[in-house]
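Let's take a walk through this structure together. Keep the 3D view at hand as you read.

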Amino acid sequence: MNVETLAHPAEEVAPRLLGSVLTCKTSEGTVSIAITETEAYSGAADPASHAYRGRTPRNAVMFGPAGHLYVYRSHGLHWCANVVTGTDGVASAVLIRAGRVVEGEDLARERRGEKVETARLARGPGNFCQALGITAEHNGTDLLTGIPVVLSEGESVPPALIRVGPRVGVSKAHDWQHRFYLAGDPTVSAYRLSPRAKPSG
């Protein structure tokens, strides 16, 4: 993976990340997950984006450069991982929603629970981070250097397998077609409309 691949708007990069692999090395061991579901979030033009109202200490990583990891806590419970994309200085990132564990399954299962089904180990952004071992300490990590989290190219995904739909659980711009996922893949999370979502227009 290189910065040229990521230096484009989030909605262009999001489908390209399907099949790519995120690897995290910790003192416990190494886990690698192939990405099966993503969502694109822009800046000032995207009401559902953390950067919609401008730059803050919390969202600063979203403003670039591309290739860095933006980590935030959702609802005070779960960590969520985003790959920063686009032009330096302009907020743009791709939320990693789900994936398939391709290395370190035993460790991922230890983190998620022994009874969790294999397909559910990294299904959903919070579970993805838990299985991988991503926390706040990884916020701002350069994913292209490989220390301690690296984004690498995986198996090529045929365009015919990529599906597009609305983003999950957001109340604003909920009908934007910025969610990308692999058709029929059991690791992909179910679509859920936010109860606070209002009809567009």
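The crossing of H3 past H4 is right-handed (the near helix is turned clockwise from the far one by less than a right angle). On the H3 side, the contact (heavy atoms within 4.5 Å) is made by Ala 108, Arg 111 and Arg 112, and on the H4 side by Asn 127, Gln 130, Ala 131 and Leu 132.

Before going further, please note that this is a predicted model, where local features need pLDDT of at least 70, side-chain atom pairs count only at pLDDT 80 or more, and totals for chains, interfaces and linings use all residues. Residues are numbered from 1 along each chain as its sequence is written, and side-chain values use heavy atoms, leaving out hydrogens and water. Helices (H or I, at least four residues) and strands (E, at least two) are DSSP runs, numbered from the N terminus.

Now turn to the largest pocket, which holds about 940 Å³ of space. A pocket is an open set of points on a 1 Å grid over the protein atoms alone, where a 1.4 Å probe fits, with protein on both sides within 12 Å along at least five of seven lines; lining residues have an atom within 4 Å of a point. Volume is the space filled by probe spheres set on the points, which are joined across faces, edges and corners. Of its 34 lining residues, Tyr 72, Ser 74, His 75, Val 168 and Gly 169 lie nearest the centre. E3 gives the most to this lining, with four residues.

The second largest pocket has a volume of about 160 Å³. Among its 14 lining residues, those nearest the centre are Gly 19, Arg 100, Glu 155, Val 157 and Leu 182. E2 provides the largest share of that lining, three residues.

Finally, look at the backbone. Most peptide bonds are trans. A cis bond joins Gly 64 and Pro 65, with omega about 5 degrees, and Pro 65 sits in the loop between E2 and E3.
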